[in-house]
Number of protein chains: 4
Amino acid sequence: MQRQHRKVANATNASAEHEPRWRRRKDDRPREILNAALAVFLEKGFAATRLEDIAEKAKVTKGTLFIYFENKEELFRSLIRDAIAQSQKISEITHVEIQATAQDTIILFANNWWKYMANSDLGKIPKMIISEANNFPDLAKEYFDNCLLPGRQILVDAIRHGVKNGEFKDIDPEAAARIFLAPYMMSQIWRYSMGPIDSAPMDHLNYINTHLKMTMNGLLKQPS
Amino acid sequence: MQRQHRKVANATNASAEHEPRWRRRKDDRPREILNAALAVFLEKGFAATRLEDIAEKAKVTKGTLFIYFENKEELFRSLIRDAIAQSQKISEITHVEIQATAQDTIILFANNWWKYMANSDLGKIPKMIISEANNFPDLAKEYFDNCLLPGRQILVDAIRHGVKNGEFKDIDPEAAARIFLAPYMMSQIWRYSMGPIDSAPMDHLNYINTHLKMTMNGLLKQPS
Amino acid sequence: MQRQHRKVANATNASAEHEPRWRRRKDDRPREILNAALAVFLEKGFAATRLEDIAEKAKVTKGTLFIYFENKEELFRSLIRDAIAQSQKISEITHVEIQATAQDTIILFANNWWKYMANSDLGKIPKMIISEANNFPDLAKEYFDNCLLPGRQILVDAIRHGVKNGEFKDIDPEAAARIFLAPYMMSQIWRYSMGPIDSAPMDHLNYINTHLKMTMNGLLKQPS
Amino acid sequence: MQRQHRKVANATNASAEHEPRWRRRKDDRPREILNAALAVFLEKGFAATRLEDIAEKAKVTKGTLFIYFENKEELFRSLIRDAIAQSQKISEITHVEIQATAQDTIILFANNWWKYMANSDLGKIPKMIISEANNFPDLAKEYFDNCLLPGRQILVDAIRHGVKNGEFKDIDPEAAARIFLAPYMMSQIWRYSMGPIDSAPMDHLNYINTHLKMTMNGLLKQPS
DNA sequence: GATGAATGAGCTTTCATTCAT
DNA sequence: TATGAATGAAAGCTCATTCAT
């Protein structure tokens, strides 16, 4: 005991206005760790991620991670579950009222949904889920059921409605919904994987607008 | 890879004449290992894959892998490089002659390309590249430059040509090409990740046909 | 230990006059911690014991342990040393006057000694010492020299005296003393280890009386 | 590959008659490891034992332990289970025929049993079981049921028989059996814990003989 | 060549100990 | 004083890689 106290005293005397070696950040730590974890898991994948990298990025030591998360797997799961929970909140927001036309419904939904996907950390999840789906099938399913299916269903319904009321051509709504979503998903997946590699980076806004234009009107001037 | 191939060639020469044709030949080993590796790497990703799993699938033991491949990383690289090499051969085949209409050119290309993507192991590469792009950026770039860019460029050229000659509406060919490709890519990536999870499995042919119809003619009956 | 006691004494002096007597006083802490430590160390052994378990049992937090004890090892040592000190006090009590017969001396000593062994925390020490003797040989020696040897010596002396004066048969007093003690020791060691497992729990009083009867008179009706 | 082969060649050339870095000892390893484990677990206890110590004693590396045992706990359990299995074989040997007198039965059994306890590794188990009983209650129970109870029961039966036929005094056979066994057990427990500390080491044979004499005939010349 | 026992570097996890609060 | 968040030094365990067989 004596010895330790003296040690502290010395340290204090030697450099009185020193930054403390660490601070208590009980409330903020989990978020900081999750943010760091997201960055590293996204980049390297689950297995290739070393907890030390996450710790370093979160500016804590390895041991601290285990105060807030049971183990590496639980940290990863927390990350995904957290994203799912946030997505659901957003789902409620983006749950669009049916508009005058099916086209308007689709565009409104797509724009709302895209706003979150492209501008928040939520947009990083699809790449991670794709990469880890076989290692964490339960998480993938949870994400799929809660975050992807509902949005797809809105599209299916809108397209089916548009087909029925003569606004859209006769088309399979299920397939059309998937196709409509593919460029959005692909864009996000690409961004966090091939993004740094693709020599011709994409103008996202232009990309999305072109997508809507193409999907609605087609490429052909004189449709067959 | 190079080194291994030479070694394999030697082995073949040395023993080919006194072994019956139908017998499993020693120089099939690298192929068998690569096949096994593809299956496991695809499922689990590079870091989560244990060489023992690959060995088991290839019906050899761990030690044997190191006879044919320098180490785990080289095995993975061989896999991708091998796929790139095959893709290039196919590229030559799918390098379509320009057709009467831009639409025909695009459809011809797409069908050819899709034939290989959907029906051979080549279609498994995109998911792996997406997952490992940040851990193997050089491989990702190689794949991108040799397998994706050329195909995309054919589309860009065809669309640009179609826009110029009045066949297509006025649209950004770069963006349009990416959007056109997205559902194809997404379909393959999905297949090997979320495929087993997606409750409503896809009819690929229907999906592709709907895609072509939508892209060419649009959804709207009365295009704006 | 010494240091802690002084510290405690100070604390008592400083605050004794303005705190009600019945209130749990600060200087009970070391005792409470030692009690908790005894329970957990006894159950799990030194290395398998987590300080957090002791803290919880003592209704303090981990950090508090380090206020009263320098480290885990010192806490353990304090525990044993404390027991040794108590044993010595008791030794003085049980240091029996020589009785009319050697038998009476032995029985008087055994009953006195047993009273403490069977009914106080002192009886928990043998199991701990046995378990940790190789990890803390100095402690084991201290316990042996101060707590076991003196008692054994009393027995050796009494037996030797009994042999000499014809009260006892001709027997090796050293061996006989050990043998006489063994069932007592074993009984305590057993109690805190196999006790909960032994399906037929022991009636201690019966056990001890049988022991005395057997040891003094033997099993045989017609001694050879 | 090339590189490694050359490396080997160099090493070989440089010191051709070198001892190999390791040998394959598939069949002997488990025994060697168990022996090493017994020594270290016995000395330090389960929790304080580092696998590295066992590995070192067994002249292998840490990793090798995991080839033969699933984890530290399983290694420990294997050790005990192995001892139990051996004990049972011996039990069959020591399962004594009933002799002319109860005294003879007891002495025959005790001598047989003691032969193994005092002269083989089996005698090390009681100290370990005592120490770890609370951490491995299932193992302790298994040991108790298979190794201790049967022997004790033989004694109980013999004593009860002796009491009934007038050979022995009227005594509680259950208690007497425990008391009879205590010095044997204590002797073994002592040997592997306090043994190195006890300044006056024991002559085991003398100890046992004194025990038998005392137990059978008692200390008193003129039994009361 | 092929095998798989053995190695050893590296990672996850634990927990005694420290120290900001 | 007391707390408990944070640290960091092990320890257990895994697995790519080596190498005796």
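**Figure 1. Burial and helical make-up of chain A in the predicted model.** Of the 224 residues that make up chain A in this predicted model, 48% count as buried. The secondary structure of the chain consists of 10 helices and 0 strands, which gives the pattern α-α-α-α-α-α-α-α-α-α when read along the sequence. Among the contacts in chain A with a separation of 6 or more, 64% are accounted for by residues 24 or more positions apart.

Figure 2. Helix α7(A) is largely enclosed by the rest of the structure, because 8 of its 8 residues are buried. The buried residues include A:Ile125, A:Pro126, A:Met128, A:Ile129 and A:Ile130, and A:Lys127, A:Ser131 and A:Glu132 are also listed among them.

**Figure 3. The contact between the two domains of chain A.** Chain A is divided into domain 1, covering residues 1-69, and domain 2, covering residues 82-217, and the contact draws 8 residues from domain 1 and 10 residues from domain 2. Between them the two domains of chain A bury about 710 Å², with 68% of this area on carbon and sulfur atoms. On the domain 1 side, A:Leu38, A:Leu42 and A:Phe46 supply 72% of the area buried against domain 2, more than any other three residues.

**Figure 4. Polar and charged pairs between the domains of chain A.** Between domain 1 and domain 2 of chain A the count is 1 salt bridge, and 3 residue pairs, both members at pLDDT 80 or more, are in polar contact across this interface. The residues on the side of domain 1 that touches domain 2 divide into 4 nonpolar, 2 polar and 2 charged. A salt bridge also joins the side chains of A:Asp82 and A:Arg31, with an N to O distance of 2.9 Å.

**Figure 5. The interface of chain A and chain B.** Each chain is represented in this contact, with 62 residues from chain A and 62 residues from chain B, and the area buried between the two chains is about 5,800 Å², of which carbon and sulfur atoms give 65%. The interface holds 4 salt bridges and 17 residue pairs in polar contact, both members at pLDDT 80 or more. On the side of chain A that touches chain B, two or more residues come from each of α2 (29-44), α7 (125-132), α8 (137-164), α9 (173-191) and α10 (204-217), with α9(A) giving the largest share, 11 residues. By class, this side of chain A has 35 nonpolar, 14 polar and 13 charged residues. In a further detail, A:Asp198 forms a salt bridge with B:Arg152, the closest N and O atoms being 3.0 Å apart.

**Figure 6. Salt bridges within helices of chains B and C.** In chain B, the side chains of B:Glu32 and B:Arg29 meet in a salt bridge at 3.7 Å, N to O, and both residues lie in helix α2 (residues 29-44), 3 residues apart, about one turn of the helix. In chain C, a salt bridge joins C:Glu32 and C:Arg29, with the closest N and O atoms 3.7 Å apart; C:Glu32 is partly exposed at a relative accessible area of 22%, and C:Arg29 is partly exposed at 23%. The side chains of C:Lys141 and C:Asp145 meet in a salt bridge at 2.9 Å, N to O, and these two residues of helix α8 (residues 137-164) of chain C are separated by about one helical turn, being 4 residues apart. An α-helix has 3.6 residues a turn, so residues three or four places apart point the same way.

Key. Residues numbered from 1 in each chain as written. Chains lettered and ligands numbered in written order. Predicted model: local features only at pLDDT ≥ 70, side-chain atom pairs only at ≥ 80, totals over all residues. Heavy atoms only, no water. Domains from an automatic or database assignment. Contact = heavy atoms within 4.5 Å. Buried area = accessible area lost by both parts, 1.4 Å probe. Polar contact = N/O pair within 3.5 Å; in protein donor to acceptor, adjacent residues only side chain to side chain. Nonpolar A, V, L, I, M, F, W, Y, C, P; charged D, E, K, R; others polar. Buried < 20%, exposed > 50% of the residue type's maximum accessible area, 1.4 Å probe, protein only.
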